[in-house]
Amino acid sequence: MKRAGRVLAWALAGLRYRPGRAALAGLAVGAATALAALTLGFREGYERALARNVEALGYQVLVTGKGCPHEAATLLLRGGSIPMYIQDDVARHVEAQPEVAASTRFLLQALPAQHAAPDATQLYLGIDEHFLALKPGAELQRGGWFSSPVADEALLGYQVAEYRRLSVGDELRVLGSTLRVAGVLDQSGTQDDGTVFLPLRRAQELFERPDRVTGIGVRLHDLGQAAAFVERVYDVPSVQVVRMSQVQETILGVLRGVQALLYAFAASSLAAAALGVAGVALLSWSERTPELGLLRALGCPAGTLFRLAWAEWLLVSAVGVAGGVALAFLLRGAADAWVRANLAFVPVGGVIALSGGVLLRSAAAALAVTAVAAALPAWRAATRSPLATMRGGAL
Amino acid sequence: MTALLVARDLTREYGPEPVRALVGVDLTVAEGELLLVTGGSGSGKTTLLSLLAGLDAPTRGVVEFRGEPLGEASPGRRAELRREHMGFVFQDFRLVRHLTARENVRLPLLFGSGDAARAEALLSRVGLAAKAARRPEELSRGEMQRAALARALVHRPAVVFADEPTASLDPISRATVWELLTELGREEGVAVVAATHDEVPAEARVVRLHEGRLEDA
């Protein structure tokens with residue numbers, strides 16, 4: 001323990017030799033660690049946010065009108081009009097299937113948003129009485145449910161209420177009609193927060209889609225029945241059906257290409273940092289050859305000298321890694337914004353998850369790579385002949 | 001007196017067309033003895049000290065430390081002998097420039113025996129207690145050599161090898177360093193083998209090298 005303390009003290013003292021150079025090496029390690037953490041955090045965060053968004057829908061299977069079901073599901077997650085509809089009689093047929101435990105019909109429409117950016121849209125979702133019951137944990141923060149299926153009323157998502165400063169009893173105008181705010185939903189961290197909910201039948205009137213719905217969310221008695229349900233509904237000519245788990249997999253499949261690119265970038269930066277550490281350490285020990293010779297002359301065993309030389313650059317790496325973890329937290333917001341600006345579909349909620357596991361894996365990878373890189377110069381330093389290095393000039 | 005170091009027929013040649021740095025040297029150093037090796041530049045003084053310390057291997061001949069032939073010892077064992085029983089003082093001090101005087105004195109403790117209290121006592125003994133936190137560049141040359149002397153003694157060696165320890169110093173500092181070297185050697189019972197051009201302390205035994213051969217002083 002005492003000897004370990006001395007080695008640490010030596011390593012700390014060694015940083016006084018050209019501290020700027022050591023700081024630069026540490027900075028490179030820090031940047032690489034931060035990049036690795038953000039990349040791993042992106043994977044974990046995106047998957048988690050997507051799973052949360054899908055889970056928040058409250059159903060396992062989505063039935064929509066003919067078209068691409070994955071596109072429909074993605075539009076549903078992201079928000080946007082789906083120009084495909086299911087007729088009322090078809091909807092009843094779907095709901096009557098024996099595997100269906102619960103279902104909810106909805107009509108999704110988007111209109112240009114008032115008082116917002118020119119290309120911004122406001123989502124309107126006509127919902128039936130089963131909508132909230134299907135959603136896990138969804139509750140009204142204030143107010144109540146619609147007074148009737150055709151009431152001129154709206155429920156507001158949390159952000160809509162906050163952004164437009166509307167509360168229960170206030171009025172809002174939609175396509176020339178005046179609606180009264182009946183309630184405000186609790187914050188969910190999903191697309192719902194930015195949505196205005198209307199009674200389904202009133203929405204069908206308002207958007208001139210009588211007896212039509214955009215989709216039906218279905219919860220099955222048993223997820224194992226999904227294949228049978230999908231097969232049966234597949235035979236209905238005007239609808240298509242998709243499991244939300246499939247949608248999740250499809251989105252993640254598209255994402256894997258981006259992730260592979262980011263992994264390659266993070267791995268390259270780790271390799272560059274390792275090369276930097278190795279190069280700077282080699283240069284440093286080359287300059288400090290007489291010092292090494294002195295230690296050898298004083299009887300320092302090669303193994304101890306290796307540990308001393310190694311410890312110095314391990315310390316640089318460790319400080320760099322710690323700084324990198326802090327840097328990752330600092331850059332998380334910017335990375336999240338970058339992801340949103342550059343990817344076609346990003347789920348609502350933070351997509352960079354800097355969990356303990358992510359930080360541990362990034363730190364361990366950076367430390368391992370730089371430790372290996374620092375070992376070569378340390379080995380070279382330790383295996384020099386004492387007499388030859390003694391003649392290496394002034395200390 | 002008990003023999004600490006014994007050299008027999010010690011010869012060292014360098015290069016493919018051998019240049020003889022040392023030729024057939026026979027020498028004994030007793031425990032606690034002060035031995036001065038004199039001679040002109042290139043006479044083989046540094047080579048002799050390197051061979052006696054096990055830093056270099058002779059082309060021919062034997063060096064024994066307390067009866068143990070250094071030529072038969074592994075590099076690790078020779079390092080162990082230096083670590084446990086030998087101290088070194090160099091002409092150019094060889095202090096690590098980014099370490100303080102205190103850290104330089106404690107350097108052998110990184111891998112050998114000894115303790116911090118002993119380092120502090122020696123810093124006081126050589127008059128550097130007040131300057132222990134200074135780096136070499138903030139010390140005079142005499143002070144640097146005194147720090148190097150404390151470093152050579154911190155692990156209680158049996159012998160200190162001093163290679164022209166006063167050659168880079170002014171006359172006053174030379175006297176101080178010799179005084180400390182002889183006094184500390186006597187107090188600690190440490191043998192001192194020093195190569196020098198200086199006038200020598202009265203109690204020292206002196207041998208003279210000329211073109212690699214030992215002459216009567």
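Helices here are DSSP runs of H or I with at least four residues, strands are runs of E with at least two, and both are numbered from the N terminus. Keep in mind that this is a predicted model, in which local features need pLDDT of at least 70, side-chain atom pairs count only at pLDDT 80 or more, and totals for chains, interfaces and linings use all residues. Residues are numbered from 1 along each chain as its sequence is written, while chains are lettered from A and ligands numbered from 1 in the order in which they are written.

Let us start with chain A as a whole. Its secondary structure comes to 13 helices and 12 strands. The C-alpha trace of chain A spans about 95 × 45 × 35 Å along its principal axes. Its radius of gyration is 31 Å, whereas a compact globule of 395 residues would have one near 21 Å; the radius is taken over C-alpha atoms, and the globule rule is 2.2 Å times the number of residues to the power 0.38. Of the 395 residues of chain A, 44% count as buried. A residue is buried if 20 or more other C-beta atoms, placed from the backbone, lie within 10 Å of its own, exposed if 12 or fewer, and partly exposed in between.

Two loops of chain A deserve a visit. In the loop between α6 (158-163) and β7 (171-174) you will find R165(A), a residue other than glycine with a positive phi near 50°. R165(A) counts as exposed because it has 7 C-beta neighbours inside 10 Å. The loop between α7 (200-206) and β10 (212-213) holds D211(A), whose phi is also positive, at about 60°, although it is not a glycine. With 12 C-beta neighbours inside 10 Å, D211(A) counts as exposed too. For background, most residues other than glycine have a negative phi.

Now look at where the chains meet. Here 18 residues of chain A are in contact with 23 residues of chain B, contact meaning that C-beta atoms, placed from the backbone, lie within 7 Å. On the side of chain A that touches chain B, α1 (2-14), α10 (289-297), α11 (302-342) and α13 (386-390) each supply at least two residues.

Finally, cross to helix α5 of chain B (residues 141-153). Of its 13 residues, 11 are buried, including M144(B), L149(B) and L153(B). The buried residues of α5(B) pack against β6 (86-89), α3 (101-105), α4 (116-125), β7 (159-163) and α6 (171-188) of chain B.

Methods. Two residues are in contact if their C-beta atoms, placed from the backbone, lie within 7 Å.
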